[in-house]
Amino acid sequence: MPSVEENHDRWANYDWADKGDEWSVGFGGTEAMWAWFLQPRISPFLPSEHTLEIAPGFGRATQFLVPSSKKLTLVDLTQPCIDACKERFKDFDHIDYHVNDGKSLDMIEDGSIDFVFSWDSLVHAEHDVLQSYLAQLGRKLRPGGTGVFHHSNIDSYRDPKTGELTVGNEHWRAPTMSAAKFRQYAEAGGLRIVAQELIPWGGTDFSDCLSVFRRDVRRPLLKRPKLVRNSRFFDQIQQRLAGEVREITEVYRSS
């Protein structure tokens with residue numbers, strides 16, 4: 001399982017020659033990834049007074065958050081990633097940078113975050129990492145603040161009798177994390193799950209999940225979160241089926 005230490009060693013020593021853009025090839029490039037996948041999903045939460053991005057890497061998605069955030073805070077497990085972001089965004093004075101231990105958000109003031117985001121990184125984080133972050137975000141988000149996290153759903157493919165995974169895991173997803181656990185951890189932290197989009201990553205199994213959550217102003221309503229199984233995820237991206245993408249992303253606007 002990819003522990004915090006294994007994640008640190010892998011990404012601190014990774015060859016970032018392409019700044020992470022190599023992972024955007026399936027979308028037609030990083031700008032296409034933003035335009036056709038991320039922007040339609042997170043646009044309801046932008047612009048933001050104070051955005052927190054967890055695990056930005058070399059700033060692949062960060063570059064699009066910079067102009068839409070009055071204040072932007074970046075938190076990453078590795079010093080090389082934070083150093084790269086500092087260099088990449090050196091012309092902007094509204095960004096704070098922090099290296100953490102892979103679990104802590106102690107550097108963030110309580111009630112200060114309007115929007116928290118993590119893309120294509122926490123899919124490698126085990127359940128204890130997500131549990132820790134969500135417990136803290138129940139305090140760090142301002143009332144009404146929202147988050148979107150991309151995380152693993154591999155743990156949902158586990159044989160209840162043997163405890164063994166029933167699917168492959170070639171994309172190094174965290175085997176102890178699932179959409180159900182995310183709901184559990186968010187609710188324990190006082191957060192409401194608005195929607196979850198299950199997506200297959202390079203196959204037919206719903207290995208990944210995008211979860212939308214909110215710190216409600218008042219006591220959370222007993223609303224059932226919307227769950228979307230987007231089996232045509234990469235078809236929609238590659239074929240630019242704008243009508244279908246719009247239908248899927250409406251769940252992000254229902255918060």
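## A walk across the sheet

Start by selecting the strands: 8 of them form an open sheet with mixed pairing, in the order β3-β2-β1-β4-β5-β7-β6-β8. Strands pair here if DSSP finds at least two bridges between them, and the elements are DSSP runs numbered from the N terminus (helices: H or I, at least four residues; strands: E, at least two). Now look at the edges, where β3 and β8 (226-229) each have a single partner strand, so one side of each has no neighbour in the sheet. From one strand to the next, the twist averages 10 degrees; axes are lines fitted to C-alpha atoms, for helices over the stretch in contact, and angles run from 0 to 180 degrees between N-to-C directions.

This is a predicted model, in which local features need pLDDT of at least 70, side-chain atom pairs count only at pLDDT 80 or more, and totals for chains, interfaces and linings use all residues. Residues are numbered from 1 along each chain as its sequence is written, and side-chain values use heavy atoms, leaving out hydrogens and water.

Next, select β4 (113-118) and β5 (141-152), a parallel pair with 5 bridges. Find I113: its bridge partner in β5 is L141.

Then bring up α5 (127-140), which lies across β1 (48-54), β4, β5 and β7 (208-214) and runs at about 165 degrees to β5.

Methods
Contact means heavy atoms within 4.5 Å.
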